[in-house]
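Here is a friendly tour of one protein model, with the geometry spelled out as we go. Have your viewer ready and follow along.

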Amino acid sequence: MNTDQLCGLLAEPSRLRTYSAIVLGATTPEQVAGSTGLDAPVVVKALQRLTKGGLIEASRDGFTAAEGAFKDAVRESRPERVPLDEDPARDNVLKSFIRDGRLTHFPTFPDKYQVVLEHLVETFEVGRAYPEAEVNELLNRWHPDHAALRRGLVDARLLHRENSIYTRTR
């Protein structure tokens, strides 16, 4: 079941109320009807649809909520993560600080900051001259504090600065 199917199952108010009653401990159609105020035929239809959809399970003891349905739906809809670096150790550092193509925060450990800077410098072509405004624009795509990133790249000798023109050194 994916997230769209899950939401579809709960989009109908009678099914949502029925599912809620099951989660809160109702195990029979009569208990569901009593706690939701829904008519018995509506409850039976909702239970059938929720069971068929895999959101609840029926057994001799009655109905129960399928505990893993939400986790499974989220896992199924989540795209597979593409590593940011082929080296697993470096990738581990990068995934701690980069989400959806943005730097979430600056690493406090110098070694980790160096890994992040080495990843960010790949935004620039080796040997090409960049005016400061263009450097700011490119770094702003990573993080709003482009000045700190620019300074970090220069201090790490990943970018060379001369007369407000920047060049990637490696």
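## Ground rules

This is a predicted model, in which local features need pLDDT of at least 70 and side-chain atom pairs count only at pLDDT 80 or more, while totals for chains, interfaces and linings use all residues. Residues are numbered from 1 along each chain as its sequence is written, and side-chain values use heavy atoms, with hydrogens and water left out.

Helices (H or I, at least four residues) and strands (E, at least two) are DSSP runs, numbered from the N terminus.

## The sheet

Three strands make an open sheet in the order β5-β7-β6, with antiparallel pairing. Two strands pair if DSSP finds at least two bridges between them. At the edges are β5 and β6, each of which pairs on one side only. On average, neighbouring strands of this sheet are turned by 30° against each other, direction ignored.

The antiparallel strands β6 and β7 are joined by four bridges. Look for Leu 159, which stands opposite Arg 168 in β7.

## The helix on the sheet

Helix α8 packs on the sheet, touching β5, β6 and β7 (contact means heavy atoms within 4.5 Å). The direction of α8 makes about 85° with that of β5; axes are lines fitted to C-alpha atoms, for helices over the stretch in contact, and angles run from 0 to 180 degrees between N-to-C directions.

Which residues of α8 are buried? In this helix, residues 132-140, they are Val 135, Asn 136, Leu 138 and Leu 139. Buried means under 20% relative accessible area, exposed over 50%, and partly exposed in between (1.4 Å probe, protein chains only). Seen down the axis, the buried residues of α8 fall within an arc of 165°, so they line one face of the helix. The arc is that of the directions from the helix axis to the C-beta atoms. Their cover includes β5 (129-131), α9 (146-155), β6 (159-162) and β7 (165-168).

## A helix pair

The axes of α7 (residues 110-120) and α9 come within 10 Å and cross at roughly 100°. The two helices are therefore roughly perpendicular to each other; angles under 35 degrees count as roughly parallel, over 145 as roughly antiparallel, 65 to 115 as roughly perpendicular and the rest as oblique.

At the meeting point, α7 brings Tyr 113, Leu 117 and Leu 120, and α9 brings Ala 148, Leu 149, Gly 152 and Leu 153.

## One side of α2

The buried residues of α2 include Ser 14, Arg 15, Thr 18, Tyr 19, Ala 21 and Ile 22. They cover an arc of only 160° around the axis, which puts them on the same side of α2.

Ser 14 has a relative accessible area of 15%. Leaving out residues up to four places away in sequence, Ser 14 touches Leu 38, Val 42 and Ala 46. Just after α2, Gly 25 takes a positive phi of about 120°.

## Aromatic pairs

The structure holds three aromatic pairs. Rings of Phe, Tyr and Trp (its six-membered ring) pair if their centres lie within 6.5 Å; planes under 30 degrees apart count as stacked, over 60 as edge-to-face and the rest as tilted. One of the pairs, Tyr 19 with Phe 70, is tilted, at 6.2 Å centre to centre and 55° between the planes. Tyr 19 lies in α2 (residues 13-23) and Phe 70 in α5 (residues 69-77), so the pair ties together parts that are 51 residues apart in sequence. Tyr 19 is buried at 10% relative accessible area, whereas Phe 70 is partly exposed at 37%.

Another pair is Phe 124 with Tyr 130: their ring centres are 5.0 Å apart and their planes at 85°, so the pair is edge-to-face. Phe 124 is buried, with a relative accessible area of 1%, and Tyr 130 is buried at 2%.
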